[in-house]
Amino acid sequence: MAEDDDSVVSVSDVNGTEIFISTYNGIGLRYLLDEVGVTGVKSAGVKGIGLKDDHVVSASIFSGDDQFVCVITEKSTGKRVRMSEFERTSRGRKGIQLIRDVKTNPYRILKTFVSDKCDFTIKVGNDLDVIKSTSLPIMDRYSTGSNIVKGNISDVIS
């Protein structure tokens, strides 16, 4: 059932075989698109990821292990993680860690997207900067990323 505070975080063409969902607190979940059933007119959708005190920030449809998950945080850090580091599981599960959990000063995910090469735009204050995803360093799931701009990123458009 739709709640009053529900919102759409991603819309995309069905151009792939898998889904990757990421959350604000740094959890990622990868599963097959076939697990999402076609719904009727009165249905409320399907549960994509199990959440507790968290919310979804991004969802991407893709195909294959040769892709990268590009991660942008609220602390203006970014990284690319090989999709092969994320084991395919089932829809509705909790997911696995996408970024190291720093207890005293946590990194929160602003946006993720799945791509091998693309440009994306970041908004810092009133300025818009275009960045190539290939300029983000390739790191493992547990790293916090490296600084990509000075200032606080308020939005990312892929």
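Guide: With the term itself. A pocket is an open set of grid points with protein on both sides within 12 Å along at least five of seven lines. Rolling a probe the size of a water molecule over the atoms shows where empty space is left. Note that this model is predicted.

Visitor: What is the volume of the second largest pocket, and which residues are the closest to its centre?

Guide: The volume of the second largest pocket is about 490 Å³. Its lining has 25 residues, and those closest to the centre are Ser12, Ser60, Phe113, Val114 and Ser158. By class, the lining divides into 11 nonpolar, 10 polar and 4 charged residues.

Visitor: Which strands each supply at least two residues of that lining?

Guide: Strand 3 (56–62), strand 7 (109–115) and strand 11 (153–157) do. Strand 3 gives the most, with 6 residues.

Visitor: Strand 7 brings us to its neighbour. How many bridges join strand 4 and strand 7?

Guide: The two pair in the antiparallel sense over 6 bridges. Within that pairing, Cys70 stands opposite Phe113 in strand 7, and Phe113 is one of the residues closest to the pocket centre. Strand 4 also pairs with strand 5, again in the antiparallel sense, over 5 bridges. There the bridge partner of Cys70 is Arg80. Strands 4 and 5 form a hairpin with 3 residues between them, and Ser76 in the turn has a positive phi of about 65°.

Visitor: Are the residues of strand 4 buried or exposed?

Guide: Buried means under 20% relative accessible area. In strand 4 (residues 68–73), 6 of the 6 residues are buried, so the strand is largely enclosed by the rest of the structure. Phe68, Cys70 and Ile72 point one way, while Val69, Val71 and Thr73 point the other way.

Visitor: How do I read contacts between rings?

Guide: A pair of aromatic rings is described by the distance of the centres and the angle of the planes. A search of the whole structure finds 2 aromatic pairs. In one of them, Phe20 and Phe86 are edge-to-face, 5.0 Å centre to centre with 70° between the planes. This pair links distant parts of the chain, 66 residues apart: Phe20 is in strand 1 (residues 18–23), and Phe86 is in the loop between strand 5 (77–82) and strand 6 (96–97). Phe20 is buried, with a relative accessible area of 1%; for Phe86, also buried, the value is 1%.

Visitor: Which charged residue lies over the face of Phe68?

Guide: Arg80, at 4.8 Å from the ring centre. Elsewhere, the charged end of Lys75 sits over the ring of Tyr107, 4.5 Å from its centre.

How values were computed
Residues are numbered from 1 along each chain as its sequence is written. This is a predicted model: local features need pLDDT of at least 70, side-chain atom pairs count only at pLDDT 80 or more; totals for chains, interfaces and linings use all residues. Side-chain values use heavy atoms; hydrogens and water are left out. Rings of Phe, Tyr and Trp (its six-membered ring) pair if their centres lie within 6.5 Å; planes under 30 degrees apart count as stacked, over 60 as edge-to-face and the rest as tilted. Helices (H or I, at least four residues) and strands (E, at least two) are DSSP runs, numbered from the N terminus. Buried means under 20% relative accessible area, exposed over 50%, partly exposed in between (1.4 Å probe, protein chains only). A charge sits over a ring if NZ of Lys or CZ of Arg is within 6 Å of the ring centre and within 35 degrees of the ring normal. On a 1 Å grid over the protein atoms alone, a cavity is a set of points where a 1.4 Å probe fits but cannot get out, and a pocket is an open set with protein on both sides within 12 Å along at least five of seven lines; lining residues have an atom within 4 Å of a point. Grid points are joined across faces, edges and corners, and a volume is the space filled by probe spheres set on the points. Ala, Val, Leu, Ile, Met, Phe, Trp, Tyr, Cys and Pro count as nonpolar, Asp, Glu, Lys and Arg as charged, and the others, Gly among them, as polar. Two strands pair if DSSP finds at least two bridges between them.
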